[in-house]
Amino acid sequence: MVYDDLECIFECLNHPLCMSVNLGAEEKLWCELLPSDKENNTKKYYQKKSSHHYYFEKLPCSSRRCQNRGTCLHTKRNYKLFECLCENGFSGEYCEKVEYSVAYFLSILAPQRLSESGVVTLQIGSVTTSVFCHVGDFGCGDGAWTLVMKIDGSKLTFHYDSNYWSNKEEYNLPGGVTGFDSLETKLPTYWNISFSKICLGMKINEELRFIVIDKIADSLYALIADGQYRSTNLGPYRWKSLIGSQGYLQQHCNKEGFNLVPESAYWKNKACKARIGIFANNQNNCGDVDSRIGFGTGGGGDRNNTCGNDGGPRHIKAMGYILVQ
């Protein structure tokens with residue numbers, strides 16, 4: 001029961017699925033919220049003397065204007081206007097501003113607030129950025145994982161020599177909200193997010209595989225931009241697991257980490273290199289290395305393979321994903 005017709009209408013306006021109402025025309029007014037209207041579902045519409053049918057034009061709250069799980073409410077002053085009721089930790093007209101530090105939100109609050117993977121809008125420095133936040137164990141362990149980069153191994157965008165590894169410029173921001181697809185991207189999370197774990201994924205023939213590096217850093221930019229080598233210790237088997245049964249590395253060297261370049265000056269611009277990964281050699285040295293698995297790669301047999309596995313009989317280009325937690 002409702003007091004008057006306006007009360008019924010506002011109940012509909014503030015319900016995300018309501019498109020129309022039936023309002024009882026008898027002494028005691030009853031109000032029925034409906035998920036459709038006579039314009040969209042004419043077959044189910046029929047007139048009754050005991051009630052009236054009201055439907056509305058497209059309203060602001062029907063387009064999910066509020067971000068970060070904010071609740072959209074139509075104002076009673078004017079039903080064509082709206083306001084967002086923000087959850088704790090967010091503010092702004094659309095709940096687009098994060099009041100906590102980004103690192104705290106991603107590591108502590110995101111796993112609690114997000115029941116499933118989806119787009120989260122973050123205030124990173126002076127820039128508002130939408131990022132696809134992956135929640136749950138999709139291959140890297142539980143928790144919330146934040147996308148940093150997506151690399152298409154068949155393109156030169158993120159070749160080892162690309163300036164994107166050493167600068168603070170984003171690339172194709174829309175690619176940051178589309179999940180594990182083929183759109184390349186580099187987000188402000190590359191230089192603004194601290195972490196203790198890095199999730200590396202490769203997709204080959206629509207099959208995704210992941211490995212995790214335990215590494216504490218202020219950002220991925222801090223690990224890579226200066227060009228200095230920093231080691232990891234996963235081992236060849238783990239790196240080859242990104243490729244699957246076709247994974248190939250030679251027997252010697254097996255040097256891994258960040259900013260991998262040949263140890264011989266002569267081979268520096270001729271042999272394999274990688275921003276993140278592992279390279280190997282048939283010879284017992286790390287000079288003329290000619291097999292690799294990694295992200296942001298170059299040199300060696302296929303100089304234009306920028307993500308995947310290359311060397312010997314293998315020339316596998318992958319779609320690569322870099323996330324942090």
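This is a predicted model: local features need pLDDT of at least 70, side-chain atom pairs count only at pLDDT 80 or more; totals for chains, interfaces and linings use all residues.
Val21 stands opposite Leu33 in strand E2. Val21 belongs to strand E1, which covers residues 20-24. E2 covers residues 31-34, and four bridges join the two strands. They run antiparallel.

Now look to the other neighbour of E1. Strand E3, residues 51-55, pairs with E1 over five bridges, again in the antiparallel sense. Strands of a sheet pair through backbone hydrogen bonds, either parallel or antiparallel.

Is E1 mostly covered or mostly open? It is mostly covered: five of its five residues are buried. Ser20, Asn22 and Gly24 point one way from E1. Val21 and Leu23 point the other way. Both groups are buried.

Next come the disulfides. The structure holds five of them. Start with the one that joins Cys66 to Cys84, with an S to S distance of 2.0 Å. This pair links distant parts of the chain, 18 residues apart. Cys66 sits in the loop between E3 and strand E4, while Cys84 sits in strand E5. Both cysteines of this pair, Cys66 and Cys84, are buried. The torsion about their S-S bond is about -90°, so the disulfide is left-handed.

Cys140 and Cys199 form another disulfide, their sulfur atoms 2.0 Å apart. Here the torsion is about 60°, so the disulfide is right-handed. Cys140 lies in the loop between strands E9 and E10, and Cys199 lies in strand E12, so the pair ties together parts that are 59 residues apart in sequence. Cys140 is buried, at a relative accessible area of 9%. Cys199 is buried too, at 0%.

A further disulfide joins Cys253 to Cys286, again with S to S 2.0 Å. The torsion about the S-S bond is about 110°, so this disulfide is right-handed. Cys253 is in strand E15, and Cys286 is in the loop between strands E16 and E17, 33 residues apart. Why does Cys286 count as buried? Buried means under 20% relative accessible area, and Cys286 has 13% relative accessibility, so it counts as buried. Cys253, with a relative accessible area of 23%, is partly exposed.

Key: Residues are numbered from 1 along each chain as its sequence is written. Side-chain values use heavy atoms; hydrogens and water are left out. Buried means under 20% relative accessible area, exposed over 50%, partly exposed in between (1.4 Å probe, protein chains only). Two strands pair if DSSP finds at least two bridges between them. A disulfide is a pair of cysteine sulfur atoms within 2.5 Å.
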